[in-house]
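Okay, thanks for coming, everyone. Let me put it up on the screen.

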Amino acid sequence: MESAAATRRALLDAAADLLDSGGPEAVTLREVGARAGVTRGAPYRHFPNKDSLLTVIASEALDQLTDDIRAVRSRLRTSSAGMLQQALSVLMDVGRGQPHLYRLMFTSPVGDTAVVDAAERAGERAQDEFLAIIGDLVGEQYARHFAALILASVHGVTDMHAHGHLATDKWNTTAQELVSTLVSMIDRYAQGA
């Protein structure tokens, strides 16, 4: 049993490396198996297809994001706006450091039903963490509205940054400053509401 778990982990790690270096197109079950140093058929015993493998990677990344946001919430003794700023920084760090993984995390999961269900639950857990922080700032009744606004904005900022369209010399600002401005605007709105 331990060997099967180790093989699965090696396959996931190899696939994540391929994803980071070349995007989803670079991930093939054959190449994943070769990188993991396993037999040609081993990837197929653990994952029915490439989509399921990529969905497991996204699910694990969402679980890690959830853990990281929980850590922000538990260790920071700051304002709700400050906590939101830190949680968004965690999210943006994934987008800047691993853009292919970041896009995969926010793509509708596909593959084996059990894998898709697990990924959807992972996404809901991450969403719940963000909603809790945003709800603390604007109130629970407005949390979903502002969460949609914030995530759409942060995804846009992160995407622009990842593709080189947010050059400081062009816009006189940074990705972090834009997110800080957005959080400040929402905080001011919440204070006046």
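Before anything else, a definition: I call a residue buried under 20% relative accessible area, exposed over 50%, and partly exposed in between, using a 1.4 Å probe and protein chains only. What you see is a predicted model, so local features need pLDDT of at least 70 and side-chain atom pairs count only at pLDDT 80 or more, while totals for chains, interfaces and linings use all residues. Numbering runs from 1 along each chain as its sequence is written, and side-chain values use heavy atoms, with hydrogens and water left out.

Let's start with arginine 9. It counts as partly exposed because its relative accessibility is 35%. Helices here are DSSP runs of H or I, at least four residues, numbered from the N terminus. For salt bridges, I ask for a side-chain nitrogen of Lys or Arg within 4 Å of a carboxyl oxygen of Asp or Glu. Searching the whole structure turns up 8 of them.

So who does arginine 9 pair with? One partner is aspartate 13, at 3.1 Å, N to O. Both sit in helix 1, 4 residues apart, about one turn of the helix. Aspartate 13 is partly exposed too, given its 38% relative accessibility.

Arginine 9 also meets glutamate 60 in a salt bridge, at 2.9 Å, N to O. That pair links distant parts of the chain, with arginine 9 in helix 1 and glutamate 60 in helix 4 (residues 50-75), 51 residues apart. Glutamate 60 comes out at 32% relative accessible area, so we call it partly exposed.

Staying in helix 1, which spans residues 2-22, look at threonine 7. Is it buried or exposed? Buried, because its relative accessibility is 18%. If we skip residues up to four places away in sequence, threonine 7 touches Val38, Ala42 and His46, where contact means heavy atoms within 4.5 Å.

Now over to helix 2, residues 29-36, where Leu29, Val32 and Gly33 are buried. Down the helix axis, the buried residues fall within an arc of 95°, so they line one face; the arc is that of the directions from the axis to the C-beta atoms. Turned away from that buried side are the exposed Arg30 and Ala34.

How values were computed
Helices (H or I, at least four residues) and strands (E, at least two) are DSSP runs, numbered from the N terminus.
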